Amino acid sequence: MGLREDLERYREVGEERREDLAEFIQYGDLGGSRPDSVRVPIKIVDLPGFEYDKRDQGGVGQGDGDTPEPGQQVGQPQPGDDEGEAGEEGGEHEYYEMNPEEFAQELDKRLGLDLEPKGKQVIEEIEGDYTDVSRTGPNSTLDFERMFKEGLKRKLAMDFDREYVREALRVDGMGPESVFEWARGKHLPVSRAWLDDEYAKLAPGERTHWPSIEAMEANVEETDTVARIRKEGIDHVPFRREDERYRYPEIVEEREKNVVVVNIRDVSGSMREQKRELVERTFTPLDWYLTGKYDHAEFVYIAHDAEAWRVEREEFFGIRSGGGTKISSAYDLAAAILDEEYPWNDWNRYVFAAGDSENSSNDTEENVIPLMEGIPANLHAYVETQPSGNAINATHAEEIERHFHETENVAVAYVNGPGDVVGAIETILNTEDDNE
């Protein structure tokens, strides 16, 4: 049985595996993972082996080369045979690499969620309604209605009151040529060939029935096409090959909403190593999670002390500073970036911030809260990382929570140690779940 089979057995563990995932998030080494690959340590499953019952050893001790040494006590315990306390060294581990999508699925199961992304950065061509037409295609897609309309329009354009024109041929002194000129003056679409045929059918005496064209027009009433069709119907519709059109589905380009995640972290002087680690332990799994839930999630990383600046992901989780703290500077920068690059009509927005809740005087109430209210987002979240749990000046999270306690798209979580990380992630994602 090899590592592949071991991994399959590990897959079948179910809830135990998800508990291991939670333990990894809280206490594991996150540094070995990448944005596109999560390395979760797993224990190697020991393979079964054979062992003789000591009662059947026949009293023969074993030395080097299976031969007892002189003076060696038969059945003498060998190193490692004693029953004693378990060693302090951990068991062997291998790493199972899961992609962010699998990580998101496992975390959904671990937290009892089933979040569906609101949108993906997807541009795809789909078949819409059969509104487009072409000149070729299978007979089953022939647009007969369109072809009939084209033929009918031609019928109406070519139609005229034949009895009325025949009476003009009976005017004394008017032959086909004269009647043709008369008909053109009245915009009647009659052909010269038809006039010649009809005139040939008249007996010589019928060609002088009317003394003049004026007399004919005064005594014979022309029937318009619509009235004639209503009375007589249509016995023929002149179709032509160019009337044929074949329907095919319109190709619709659908662009679903995209997702952008803005991660904000405090790197001021008060953010000591433990606090920074808790930020990383909270934000990294959230990055993996949203990367897995969306085909193309984009991330913006902002670091701040008293001022804010945009950084790359690698720098975001390792940056240190020593300045003061003004959280609103980060939200000012986030608002400018979102407005310019990620308009609300086209993007799902997530704004996550983390720090020790220490902020400059009145900045939260006077600046941060109005800025959060002015940034439309699917979810705002603030994570307080305060290992001591009782810093006097750490009031930012409480102020945010107090102001937005009835707002559905704002989450506040408190992380005092690694054991709180999964609960904080659950608080944030459950808030997102409520807004689905």
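This is a predicted model: local features need pLDDT of at least 70, side-chain atom pairs count only at pLDDT 80 or more; totals for chains, interfaces and linings use all residues.
**Reading faces, sheets and contacts**

Visitor: How far does α4 reach from its first C-alpha to its last?

Guide: Compare the span with the one expected at 1.5 Å a residue. Helix α4 covers residues 144-158, 15 residues in total, and reaches 21 Å. That is close to the expected 21 Å.

Visitor: Let me step back. How many helices and strands does the chain have?

Guide: The chain has 15 helices and 12 strands. Of its 436 residues, 41% are buried. Now take contacts with a sequence separation of 6 or more: residues 24 or more positions apart account for 80% of them.

Visitor: In what order do the 6 strands of the open sheet stand?

Guide: The order is β9-β8-β7-β10-β11-β12, with mixed pairing. The edges are β9 (308-311) and β12 (410-415); each has a single partner strand, so one side of each is left without a neighbour in the sheet. From one strand to the next, the twist averages 20 degrees.

Visitor: How many bridges join β7 to β8, and in which sense do the strands run, parallel or antiparallel?

Guide: Count bridges, then check direction. Strands β7 (residues 258-266) and β8 (residues 297-304) run parallel and are joined by 8 bridges. Ile264 stands opposite Ile302 of β8. Turn to the pair β7 and β10: these strands also run parallel, with 8 bridges between them. Here Arg265 has Ala354 in β10 as its bridge partner. Next come β10 and β11, parallel over 6 bridges. Phe352 stands opposite Ala381 in β11.

Visitor: How many residues of strand β10 are buried?

Guide: For a strand, check both sides. In β10 (residues 347-355), 9 of the 9 residues are buried, so the strand is largely enclosed by the rest of the structure. Trp347, Arg349, Val351, Ala353 and Gly355 point one way. Asn348, Tyr350, Phe352 and Ala354 point the other way.

Visitor: Which strands does helix α14 lie across?

Guide: Look for the strands under the helix, then compare directions. Helix α14 (residues 396-403) lies across β11 (379-385) and β12. Its angle to β12 is about 150 degrees.

Visitor: Now single residues. Is Thr364 buried or exposed?

Guide: Compare its accessibility with the cut-off. Thr364 is at 3% relative accessibility, so it counts as buried. The residue belongs to helix α13 (residues 363-374). Its side chain makes a polar contact with the side chain of Asn359, at 3.0 Å. Leaving out neighbours within four places in sequence, Thr364 is in contact with Asn359, Ile369, Pro370, His396, Glu399 and Ile400.

Visitor: Where is Arg170 found?

Guide: Arg170 is in the loop between α5 (162-169) and α6 (176-185). At 19% relative accessibility, Arg170 counts as buried, because the cut-off is under 20%. With residues up to four places away not counted, Arg170 touches Leu202, Glu206, Arg207, Thr208, His209 and Trp210.

How values were computed
Residues are numbered from 1 along each chain as its sequence is written. Side-chain values use heavy atoms; hydrogens and water are left out. Helices (H or I, at least four residues) and strands (E, at least two) are DSSP runs, numbered from the N terminus. The expected span of a helix is 1.5 Å times one less than its number of residues. Buried means under 20% relative accessible area, exposed over 50%, partly exposed in between (1.4 Å probe, protein chains only). A polar contact is a pair of N or O atoms within 3.5 Å; within protein, one must be able to donate a hydrogen and the other to accept it, and residues adjacent in sequence count only if both atoms are side-chain atoms. Contact means heavy atoms within 4.5 Å. Two strands pair if DSSP finds at least two bridges between them. Axes are lines fitted to C-alpha atoms, for helices over the stretch in contact, and angles run from 0 to 180 degrees between N-to-C directions.
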